[in-house]
Amino acid sequence: MKLQVAIDRVDIARAEDVISTLAEHADIIEIGTSLTKEFGVRALQPLAEKVRAMSNAPELLGDIKTCDEGAYEFNLGYDCGFDYLTVMGSSSIGTLQVCYESAQSHQAEMMIDLLECDDKRIESIAGFDNAVYCLHTSVDSGATADPVAQVAAFKQRFPQIKRIAIAGGIKEHQLAGLAREGVEIAIMGSAITKADDMAQACAQCKQAMSI
């Protein structure tokens with residue numbers, strides 16, 4: 001299981017500092033929606049280039065939450081150095097399709113954010129075999145109550161979806177259970193980025209995945 005750490009609500013210089021601190025332990029660094037909105041994807045390209053130049057470079061996800069103009073936004077994001085980009089599961093099938101095609105052509109990754117998607121909607125968009133589907137409880141709604149049970153139920157309901165990520169208040173003690181459920185990516189934010197020792201918190205979370 002990969003550990004993705006989300007960086008939000010900071011400036012670019014602080015984001016760079018956080019990435020340098022966490023790069024040894026995080027598999028994926030997420031440049032959160034707040035950063036992409038405040039500064040713009042193209043302004044983040046120099047940061048992406050610095051990450052790629054690291055000897056222990058993590059993968060980089062741009063949480064751009066595309067809901068329209070899919071080809072333009074995804075081509076831009078990949079060209080600016082992101083390995084993963086996000087598209088909202090509530091988007092039109094046409095938007096999801098062009099985002100998927102962009103990801104495939106760039107040999108990159110598409111993550112479908114299932115925020116507020118019901119079972120009927122998920123069923124209708126479950127055919128993107130190489131996409132990662134992210135179970136997501138919003139910040140405004142609070143933490144995911146039982147993420148392990150949520151993943152187990154999701155797998156039973158949608159066995160055709162093989163690549164699963166989960167986000168929303170994930171805690172260190174939940175990581176082992178998520179790994180046993182076959183989750184591909186566990187996404188954490190303030191549990192790591194607001195810790196007194198970010199590097200230690202990140203290392204402990206990474207270690208917890210294998211217990």
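**Helix packing and core in a predicted model**

Student: Which residues of H4 are buried?
Tutor: This is a predicted model. Buried means under 20% relative accessible area. In H4, the buried residues are Gly-70, Phe-74, Leu-76, Gly-77 and Tyr-78.

Student: What covers the buried residues of H4?
Tutor: The cover includes both strands and a helix. Among the strands are E3 (59-66), E4 (84-88) and E5 (109-113). The helix named is H5.

Student: Why do H4 and H5 count as roughly parallel?
Tutor: H4 spans residues 70-79 and H5 spans residues 93-105. Their axes are 8 Å apart and pack at an angle of about 25°. Angles under 35 degrees count as roughly parallel. H4 and H5 are therefore roughly parallel to each other.

Student: Which residues of H5 does H4 meet?
Tutor: H4 passes H5 in a right-handed crossing. From H4 come Gly-70, Ala-71, Phe-74, Asn-75 and Tyr-78. In H5 they meet Thr-95, Val-98, Cys-99, Ser-102 and Ala-103.

Student: How many charged residues are in the contact of H4 with H5?
Tutor: Sort the contact by class. Six residues are nonpolar and four are polar. The number of charged residues is none.

Student: Which residue takes a positive phi just after H4, and of about what value?
Tutor: H4 covers residues 70-79. Just after H4 comes Gly-81. The phi of Gly-81 is about 110°.

Student: How many residues are in the largest nonpolar core?
Tutor: In soluble globular proteins, nonpolar side chains tend to be buried together. Here, the residues with the most contacts inside the largest core are Ile-29, Ile-31, Met-110, Ile-112 and Leu-114. The size of this core is 61 residues.

Student: How many residues are in the second, separate core?
Tutor: This core includes Ile-28 and Met-111. Ile-185 and Ile-187 are also in it. Its size is 10 residues.

Student: Are H1 and H3 roughly parallel or roughly antiparallel?
Tutor: H1 (residues 12-22) and H3 (residues 45-52) have axes 11 Å apart. They pack at an angle of about 15°. H1 and H3 are therefore roughly parallel.

Student: Which residues make the contact of H1 and H3?
Tutor: Their crossing is right-handed. H3 gives Leu-47, Lys-50 and Val-51. H1 gives Ala-15, Glu-16 and Ile-19.

Methods
Residues are numbered from 1 along each chain as its sequence is written. This is a predicted model: local features need pLDDT of at least 70, side-chain atom pairs count only at pLDDT 80 or more; totals for chains, interfaces and linings use all residues. Side-chain values use heavy atoms; hydrogens and water are left out. Axes are lines fitted to C-alpha atoms, for helices over the stretch in contact, and angles run from 0 to 180 degrees between N-to-C directions. Helices (H or I, at least four residues) and strands (E, at least two) are DSSP runs, numbered from the N terminus. Angles under 35 degrees count as roughly parallel, over 145 as roughly antiparallel, 65 to 115 as roughly perpendicular and the rest as oblique. A crossing is left-handed if the near helix is turned anticlockwise from the far one by less than a right angle, and right-handed if clockwise. Contact means heavy atoms within 4.5 Å. Ala, Val, Leu, Ile, Met, Phe, Trp, Tyr, Cys and Pro count as nonpolar, Asp, Glu, Lys and Arg as charged, and the others, Gly among them, as polar. A nonpolar core is a set of buried Ala, Val, Leu, Ile, Met, Phe, Trp, Tyr and Cys residues joined through side-chain atoms within 4.5 Å. Buried means under 20% relative accessible area, exposed over 50%, partly exposed in between (1.4 Å probe, protein chains only).
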